[in-house]
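Subject: Structure for you to look at

Hello,

Here is the structure I said I would pass on. Please open it next to this message and follow the notes below as you go.

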Amino acid sequence: METILTIQNLNKRYGRIQALKNVSFEIKKGHVYGILGPNGSGKSTTLGIVLNVVNKTSGNYNWFDGKIETHEALKKVGAIIERPNFYPYMTAEENLKLVCKIKNINYSKIQEKLELVGLNERKDSKFSTFSLGMKQRLAIASALLNDPEILILDEPTNGLDPQGIHQIRDIIKQIASQGTTILLASHLLDEVEKVCTHVLVLRKGEILYTGLVDGMSANEGFFELQADDIEHLIAVLKTHPAVENIKKEEEKVLVYLKEELEAKDLNRFLFEKNISVSHLVKRKNSLEEQFLELTENK
């Protein structure tokens, strides 16, 4: 599968602040990637560097396996990294014609892209009359005029109402279904979970997780246990090689794992140590719990 973007040990410093620390990942053709993290985690900085609008401190990145120079490669990239910036007194169609003229793109693409984002019926309306969601959809149409191989979106649903969010997400899914690779940055777990196949979790410029969205929640899980003597239970659990962390929560003991362990095997282990448990349940972390664990406990 073709590699569209490769990033290796990317670092960025703003004075004493290190915005990115050895960030490395690859984007393969045909997937939807999310860069997920709280505000200030380095998402926009990463996008700015690969789009050649922010200078890196060190590290490397290359587009399309390094076969073409960055300025040529960026002609195959569509990107929205700031608020949509169109002329308010011009219509949607006039604004897109201007983009076509600047980028030397045939006008024939305009109707196709307006239809894709659901704005063809408003093509003769002035940009100033558009809602925030419509402005964002027009920006997506503009970024798609050159039929890019990859579309880059920075917080695409920021500030939108629920209907606007739903429309943007549907458009992203539709674009992806047509074979365009997508890279989006978001602080919204729900957004990444709904539209992305792959995710990169950033916190304070460091990668905490990279891989499939599904794989993020397919962790080893944890056990909930109860016994008469909780302190003795905890002491014995600490001796098990599969146990990574133990938390006491009211009457229950939560046991987090570093490798797979079945409930029956843990029960047998405790029984052999003369511990009888009154409650033993294995649970999986939800994606939200896993994300919070990643971003808060590091």
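**Helix pairs**

Helices α5 and α6 (residues 162-177) pack at an angle of about 15°, and their axes are 10 Å apart. Bear in mind that this is a predicted model. Angles under 35 degrees count as roughly parallel, so α5 and α6 are roughly parallel to each other. Their crossing is right-handed. Which residues of α5 and α6 meet? On the α5 side they are G133, Q136, R137, I140 and L144, and on the α6 side Q167, I168, I171 and I175. Sorted by class, this contact has five nonpolar, three polar and one charged residues.

Helix α5 (residues 132-144) also packs against helix α3 (residues 92-103), here at an angle of about 30° and with the axes 10 Å apart. The cut-off for roughly parallel is again under 35 degrees, and α3 and α5 therefore count as roughly parallel to each other. The crossing of α3 past α5 is right-handed. From α3 the contact takes A92, L96 and V99, and from α5 it takes L138, A141 and S142. Five of the residues in the contact of α3 with α5 are nonpolar, one is polar and none is charged.

How are α9 and α10 arranged? The axes of helix α9 (residues 230-237) and α10 come within 11 Å and cross at roughly 110°. Angles of 65 to 115 degrees count as roughly perpendicular, so α9 and α10 are roughly perpendicular to each other. The crossing of α9 past α10 is right-handed. L233, V236 and L237 of α9 meet L266, F269 and L270 of α10. The contact of α9 with α10 has six nonpolar residues, no polar ones and no charged ones.

**Nonpolar cores**

In soluble globular proteins, nonpolar side chains tend to be buried together. In this model, the largest nonpolar core has 44 residues. The residues with the most contacts inside this core are L96, L138, I140, L151, L153, I175 and V199. Helix α5 supplies the largest share of this core, seven residues.

What does L151 touch, if residues up to four places away in sequence are not counted? Its partners are G78, A79, I140, A143, L144, I175, T180, T181, I182 and L183.

**Helix α1**

Helix α1 (residues 43-50) is mostly covered, with seven of its eight residues buried. The buried residues in α1 are K43, T45, T46, L47, G48, I49 and V50. Just after α1 comes N52, which takes a positive phi of about 65°.

**Other residues to look at**

Most residues other than glycine have a negative phi. F64 has a phi near 50° and sits in the loop between β4 (58-63) and α2 (70-73). N274 has a phi near 65° and is in the loop between α10 (263-272) and β13 (277-283).

Is F64 buried or exposed? Buried means under 20% relative accessible area, so F64, at 4% relative accessibility, counts as buried. For N274 the relative accessible area is 73%. Exposed means over 50%, so N274 is exposed.

Y256 is part of strand β12 (residues 252-257). Its relative accessibility is 14%, so Y256 counts as buried. Y256 and N267 are 11 residues apart along the chain, and their C-alpha atoms are separated by 15 Å.

T129 is in the loop between α4 (109-116) and α5. With a relative accessible area of 48%, T129 is partly exposed. How far apart are the C-alpha atoms of T129 and E224? They are separated by 55 Å, and these residues are 95 residues apart along the chain.

Regards

Technical notes: Residues are numbered from 1 along each chain as its sequence is written. This is a predicted model: local features need pLDDT of at least 70, side-chain atom pairs count only at pLDDT 80 or more; totals for chains, interfaces and linings use all residues. Side-chain values use heavy atoms; hydrogens and water are left out. Axes are lines fitted to C-alpha atoms, for helices over the stretch in contact, and angles run from 0 to 180 degrees between N-to-C directions. Helices (H or I, at least four residues) and strands (E, at least two) are DSSP runs, numbered from the N terminus. Angles under 35 degrees count as roughly parallel, over 145 as roughly antiparallel, 65 to 115 as roughly perpendicular and the rest as oblique. A crossing is left-handed if the near helix is turned anticlockwise from the far one by less than a right angle, and right-handed if clockwise. Contact means heavy atoms within 4.5 Å. Ala, Val, Leu, Ile, Met, Phe, Trp, Tyr, Cys and Pro count as nonpolar, Asp, Glu, Lys and Arg as charged, and the others, Gly among them, as polar. A nonpolar core is a set of buried Ala, Val, Leu, Ile, Met, Phe, Trp, Tyr and Cys residues joined through side-chain atoms within 4.5 Å. Buried means under 20% relative accessible area, exposed over 50%, partly exposed in between (1.4 Å probe, protein chains only).
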